[in-house]
Amino acid sequence: IEEVGRVYGYEQLPRHSPAIGSTLLDVPEGQLSLDRMKDLLVDRGYQEAITYSFVDPAMQQALLPDETPIALKNPISADLAVMRTSLWAGLLQAARHNQARQENRIRLFESGLRFQGSLDDIRQEPCLAGLALGPVWPQQWAEKARAVNFFDMKADVEALFGLTGRAGSFRFQAVEHPALHPGQSAAIINAEGLRVGWLGMLHPRLEKEFEFTSSVFLFELELAALTQKRLPAFRPLSRFPSVRRDLALVVSANLEAGRVQDAIQTLGNALIQDVRVFDVYCGPGVASGHKSLALTVVLQDSQDTLTDAKVENVITDVLTKLERDFGAKLRD
């Protein structure tokens with residue numbers, strides 16, 4: 001064909017510019033993009049990792065002994081022989097690789113698919129997972145050095161929830177997980193009561209088995225739980241001042257603070273604008289098996305200035321409910 005064109009004359013061949021469509025796709029305001037979640041984690045000191053969907057069967061078994069992974073018929077190597085049922089296996093391997101090269105502060109996250117079910121019925125679930133170990137901050141002079149802990153990673157996860165505008169619809173429930181420390185693990189529950197993720201510290205047995213030199217903290221979330229966000233809406237500001245009341249309650253040591261906050265909100269009192277926990281204490285002055293839980297209750301009326309009588313009525317209702325539901329008492 002080239003020879004025919006040369007004889008005929010290249011300048012006589014017809015030329016047409018290709019037609020390229022430029023249709024713009026709709027971007028729903030109510031949809032939270034994965035890139036926005038990644039940007040937030042990067043801003044909080046994480047680096048993105050991309051690991052294999054194939055993992056070591058031994059590591060997979062150690063992390064999730066109750067799950068049967070899908071085995072590959074022709075694996076590229078013996079330590080990449082099964083499909084991952086959690087993104088943690090790849091992140092732990094990457095962290096171990098970095099630690100062996102003298103990296104003592106590691107923050108990694110990964111987005112990808114986990115594979116569950118059987119070969120005939122494979123469920124591919126998009127997830128977002130993260131790992132943190134070592135000091136909270138790089139070496140510096142302004143803050144006292146300390147190691148990352150459960151609540152540091154919980155704050156990172158709550159920041160992700162904040163992007164959705166529905167942070168209050170997620171809660172953390174103390175539940176044991178085979179890969180996590182039994183005293184530092186939590187299931188993440190959405191507004192419908194469904195478990196959408198896990199958060200916690202790697203089990204000390206696995207920490208030793210995988211040869212980590214410091215505590216490792218992990219989270220994993222189903223992406224479907226984060227993709228829908230609530231659009232902001234204006235609400236008129238009250239012209240009247242708010243009132244703050246601090247309550248120190250003695251409750252069972254096993255009672256979750258979130259349950260206390262939820263119980264107060266279920267009163268449905270329009271004057272209660274916010275409930276925050278600002279202190280938890282166990283020690284002298286508090287009976288064994290109990291703890292002191294300090295809460296701030298913020299009250300405000302949009303129609304009138306609050307009187308002492310109104311405030312005391314609300315606080316009395318709060319204390320009555322907490323005593324009825326949890327046996328809570330005001331601390332002396």
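Trainee: At about what angle to E9 does helix H5 run?

Mentor: The model is predicted. Helix H5 spans residues 150-163 and lies across E5, E6, E7, E8 and E9. Relative to E9, H5 runs at about 20°.

Trainee: Which strands are the edge strands of the sheet?

Mentor: The open sheet has seven strands with mixed pairing, in the order E1-E4-E5-E9-E8-E7-E6. An edge strand here pairs on one side only. That leaves strand E1 (47-48) and strand E6 (171-174).

Trainee: In E7, which residue is the bridge partner of Gln173?

Mentor: Strands of a sheet pair through backbone hydrogen bonds, either parallel or antiparallel. E6 and strand E7 (residues 180-189) take the antiparallel sense, over four bridges. For Gln173, the partner in E7 is Ala187.

Trainee: Why do the buried residues of H2 line one face of the helix?

Mentor: In helix H2 (residues 34-43), the buried positions are Met37, Lys38, Leu40 and Leu41. They line one face because, seen down the axis of H2, they fall within an arc of 160°.

Trainee: Which exposed residues does the face of H2 turned away from its buried side carry?

Mentor: Exposed means over 50% relative accessible area, against under 20% for buried. The buried side of H2 is covered by elements including E1, strand E4 (106-118), E5, H5 and E9. On the face turned away from that side, the exposed residues are Asp35 and Asp43.

Trainee: Which residue just after H2 takes a positive phi?

Mentor: H2 covers residues 34-43. Just after H2, a positive phi of about 100° is found at Gly45.

Methods
Residues are numbered from 1 along each chain as its sequence is written. This is a predicted model: local features need pLDDT of at least 70, side-chain atom pairs count only at pLDDT 80 or more; totals for chains, interfaces and linings use all residues. Side-chain values use heavy atoms; hydrogens and water are left out. Two strands pair if DSSP finds at least two bridges between them. Helices (H or I, at least four residues) and strands (E, at least two) are DSSP runs, numbered from the N terminus. Contact means heavy atoms within 4.5 Å. Axes are lines fitted to C-alpha atoms, for helices over the stretch in contact, and angles run from 0 to 180 degrees between N-to-C directions. Buried means under 20% relative accessible area, exposed over 50%, partly exposed in between (1.4 Å probe, protein chains only). The arc is that of the directions from the helix axis to the C-beta atoms.
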